[in-house]
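Good morning. I have one structure to go through today, and I will keep it short. Please have a look at it on the screen first.

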Amino acid sequence: MRVVVQRCKEAKVTVDGTVTGAVGQGLMLLVGVTHEDTEKDAKYLADKIAGLRIFEDESGKMNFSVTETGGAILSVSQFTLYGDCRKGRRPNFMAAAAPAEAERLYDYFNHELRNGGLTVETGIFGAMMDVSLTNWGPVTLILDSRG
């Protein structure tokens, strides 16, 4: 499982002109699932993200997590995180999990974040989405449950 984590001042996702999820200060997550992923991978990344200290304290040091700051999360499914661009000019998405399994693990991942006390907004799995954010810092990290 792979997640792009972006610290944000605000973020939202829109489907067919309707906002389906929006947050203020917190994290914007792009979430990809591959064939070998399990609930263990989803739980690991949910726990890691909830405790990731990337928010600054009064001294300017990254000492606080999204949980500690009371921030929210916008989680968006993103199968293209498993796009392979090594050959040719068109990405190959064979490493991305089948939609039914990817959606199940994506939902479980969001469930685990909520179980940790976080507010989680989402897009619509499999929909064409417009995502916007104000990346704060900027701070962008890539987490992988396998690496």
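Predicted model: local features only at pLDDT ≥ 70, side-chain atom pairs only at ≥ 80, totals over all residues.

The protein chain has three helices and eight strands. In sequence order they run β-β-β-α-β-β-α-β-α-β-β. The radius of gyration is 15 Å, close to the 15 Å that the globule rule gives for 147 residues, so the chain is as compact as a globular protein of that length. The C-alpha trace spans about 45 × 35 × 30 Å along its principal axes.

Of the 147 residues, 41% count as buried. Among contacts with a separation of 6 or more, 74% are between residues 24 or more positions apart. The exposed surface comes to about 8,200 Å², with 51% of it supplied by carbon and sulfur atoms. As for charge, there are 16 positive and 19 negative charges, and their mean positions are 7 Å apart.

Now the backbone. Most residues other than glycine have a negative phi, and most peptide bonds are trans. Here we have an exception to each. Asp16 has a positive phi, near 50 degrees. Asp16 sits in the loop between strand E1 and strand E2, and is exposed, at 77% relative accessible area. The other case is the peptide bond from Gly137 to Pro138, which is cis, with omega near 0 degrees. Pro138 belongs to strand E8, residues 130–144.

On to the salt bridges. How many are there by the count? The number is eight.

Arg2 and Asp144 pair at 3.1 Å, N to O. Arg2 is in strand E1 and Asp144 in strand E8, 142 residues apart, and the pair links these distant parts of the chain. Arg2 is partly exposed at 24% relative accessibility, and Asp144 is partly exposed at 24%.

Lys43 pairs with Asp47 at 3.3 Å. Both are in helix H1, four residues apart, so about one helical turn separates them. Lys43 is partly exposed at 35%, and Asp47 is partly exposed at 44%.

Lys43 also forms a salt bridge with Glu112, again with the closest N and O atoms 3.3 Å apart. Glu112 lies in helix H3 and Lys43 in helix H1, so this pair ties together parts that are 69 residues apart in sequence. Glu112 counts as buried, at 12% relative accessibility.

How values were computed. Residues numbered from 1 in each chain as written. Heavy atoms only, no water. Helix = DSSP H or I, 4+ residues; strand = E, 2+ residues; numbered from the N terminus. Rg over C-alpha atoms; globule rule 2.2 N^0.38 Å. Buried < 20%, exposed > 50% of the residue type's maximum accessible area, 1.4 Å probe, protein only. Contact = heavy atoms within 4.5 Å. Areas by Shrake-Rupley, 256 points an atom, 1.4 Å probe, with all protein chains shown as cover. Lys, Arg positive; Asp, Glu negative; His and termini not counted. Charge placed at Lys NZ, Arg CZ, Asp CG, Glu CD. Salt bridge = Lys/Arg side-chain N within 4 Å of Asp/Glu carboxyl O.
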